[in-house]
Amino acid sequence: MSITFFIIVSVIKIVLVIFVLLTAVAYTVWLERKVVGRMQNRWGPTRVGPFGLLQPAADGIKFLFKEDLTPPHVYKPLYIAAPMLAVIFAITSIAVIPFGNTVTILGHEIPLQITDVNIGLLVVLGITSLGVYGVALSGWSSNSKYSLLGGLRASAQMVSYEIALGLSLVGVLILAGTFSLRGIVEAQAGHFGPWIPNWFIFKGGQIVAFFIYLTAAYAETNRIPFDLPEAETELVAGYHTEYSAMKFAMFFMAEYSNMITVACLASLLFLGGWSGPVFGPDILQAILPVFWFALRIFVFLFIYIWVRGTLPRFRYDQLMAFGWKFLLPVAIANLVITALVVALK
Amino acid sequence: MLHLVLFSVFGLICVAGAVNLLVQKHPINSALSLVVVMASLAVEYLLLGAEFVAAVQVIVYAGAIMVLFVFVIMLLNAGEEEHTSGSTVAWLLGIPGLLTGAVLICWAVLRYSGGGGVTIGALPGHPKDIAQLLFHEFLLPFEVTSILVLIAIMGAVVLAARPEAVQESKRES
């Protein structure tokens with residue numbers, strides 16, 4: 001593959017992926033309003049377009065044209081940088097996520113992934129661990145007590161749950177023997193027994209790790225029942241209280257694209273990535289894996305919303321006790337057992 | 001060629017971050033400069049082909065340790081520091097000392113590295129190679145370090161736990 005061809009393909013992939021990601025972010029917001037609305041016995045958005053489908057566009061225009069208010073006494077450089085940091089780190093992590101097999105175009109094998117690095121999983125974890133700066137700095141620089149408390153809560157919570165999250169993934173890494181996300185998906189190909197697929201949620205008993213990962217990831221993305229950084233009953237809106245217009249929208253975008261990253265990782269690591277029945281002509285064979293992958297992400301996003309509509313918020317000491325005294329020991333136990341089983345085999 | 005350019009650029013960013021860390025008056029700006037230093041060091045590792053070390057550098061230093069620094073600064077609500085011009089002795093001894101140290105380090109590096117460039121992939125950078133080194137050749141130092149860290153954690157817990165809080169929790173249970 002010549003260097004020009006490589007660059008052209010990469011640019012096309014990057015533009016496509018970011019477009020799809022941002023569209024998905026907008027429509028996840030729509031989905032959330034719609035589903036939570038139905039769960040609370042009301043309609044959700046219905047006015048703009050059929051089923052309210054144009055609501056995200058209307059919201060986007062509204063955010064762009066609203067007055068961008070900067071309160072006095074904020075620390076301006078960080079106040080402006082914080083939402084940017086949040087959204088940059090949230091979007092960057094999609095760069096190493098594979099979303100399908102390789103396809104052959106004009107005689108070139110093109111992997112459906114922006115770039116495949118052999119430390120893919122670590123890159124995602126590293127970038128998402130930097131995401132806390134956006135939240136923490138916005139809380140501090142706003143110079144408001146609600147924001148500061150929100151920022152403090154967010155950083156304490158994210159540092160605490162990151163440990164359980166990281167440990168829950170080590171079992172998968174032991175079984176797959178690689179950090180490459182594509183390699184991890186390939187390690188889950190095939191099936192055992194008559195029909196059970198080789199997904200790590202079934203094979204190697206990583207189902208415990210799967211639930212630890214999901215719980216910790218909900219805390220990492222500041223979603224209900226772990227949304228204490230923006231608990232509106234006590235902190236107005238937490239770390240983004242003082243933000244308006246597009247800066248506020250950037251925090252929103254960061255939160256939802258983090259949710260999508262979590263869904264991607266959960267499908268790649270535990271549910272076999274894009275595996276699924278593939279049939280038909282060539283074009284269908286190229287598209288179907290991407291469809292199966294997108295379906296998994298949709299299911300995860302739906303569960304996110306479902307949990308939001310169902311569970312009440314933790315109290316802060318419960319949150320910390322749950323993370324340190326329950327999730328962490330269970331994650332360590334799961335890791336030790338997995339390592340023993342693999343070593344004795 | 002491109003590698004060399006990138007390496008120099010990130011080296012400069014790293015040094016600029018370190019200088020900024022000292023010059024800034026507000027602790028949070030200093031902490032963020034340190035994050036920049038850590039991140040550009042990670043890029044340098046990446047350019048040397050040590051991708052695992054680079055990822056760990058970001059996760060551990062930029063993503064965990066510096067977050068705690070920022071957390072503490074936010075929690076204490078530390079204000080701006082007052083700058084003094086420093087003592088005369090520090091100026092007289094510090095600058096020659098700094099220069100001597102820098103020259104010594106440069107000399108040692110140039111003398112013993114052979115002055116040649118390192119090609120990418122010449123050093124063990126793949127996670128598997130690092131695991132091989134860590135869990136075979138250097139297993140004992142690795143385990144000893146982990147015990148040292150454990151002792152440090154326990155020490156911190158002992159120092160931080162207030163006696164009355166411990167007694168209260170005993171009474172409750």
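In chain A of this predicted model, confidence is lowest in strand β1, residues 102-105, where the mean pLDDT is 75, and it is highest in helix α8, residues 207-220, where the mean is 89. Taken over the whole of chain A, the average pLDDT is 85, and 100% of the residues score at least 70. I start here because, where pLDDT is low, the predicted coordinates should not be read in detail.

Let me turn to the contact between the chains, to which chain A contributes 19 residues and chain B contributes 17 residues. On the side of chain A that touches chain B, at least two residues each come from α4, from α5, which covers 132-141, and from α6. If we sort the residues of that side of chain A by class, we find 14 nonpolar, five polar and no charged residues.

Two packed helices are described by the angle between their axes and the distance between the axes. Among the residues that make the contact are A:Leu122, A:Leu125 and A:Gly126 of α4(A), together with B:Ile59, B:Ala62 and B:Gly63 of α3(B). By class, this contact of α4(A) with α3(B) holds nine nonpolar, three polar and no charged residues.

Leaving aside residues up to four places away in sequence, A:Met158 touches A:Val132 and A:Glu220. A:Pro277, by contrast, is 119 residues from A:Met158 in sequence and 38 Å from it in space, C-alpha to C-alpha.

Finally, a point about the backbone: most residues other than glycine have a negative phi, and most peptide bonds are trans. With that in mind, look at A:Asn41, whose phi is positive, near 60°, and which is placed in the loop between α1, 3-39, and α2, 55-65, of chain A. A:His73 also has a positive phi, near 70°, and its place is in the loop between α2 and α3, 76-92, of chain A. A:Asn41 counts as exposed because it has 6 C-beta neighbours inside 10 Å, and A:His73, with 9 such neighbours, counts as exposed as well.

Methods
Residues are numbered from 1 along each chain as its sequence is written. Chains are lettered from A and ligands numbered from 1 in the order in which they are written. This is a predicted model: local features need pLDDT of at least 70, side-chain atom pairs count only at pLDDT 80 or more; totals for chains, interfaces and linings use all residues. Two residues are in contact if their C-beta atoms, placed from the backbone, lie within 7 Å. Helices (H or I, at least four residues) and strands (E, at least two) are DSSP runs, numbered from the N terminus. Ala, Val, Leu, Ile, Met, Phe, Trp, Tyr, Cys and Pro count as nonpolar, Asp, Glu, Lys and Arg as charged, and the others, Gly among them, as polar. pLDDT is the predictor's confidence in each residue, from 0 to 100. A residue is buried if 20 or more other C-beta atoms lie within 10 Å of its own, exposed if 12 or fewer, and partly exposed in between; C-beta atoms are placed from the backbone.
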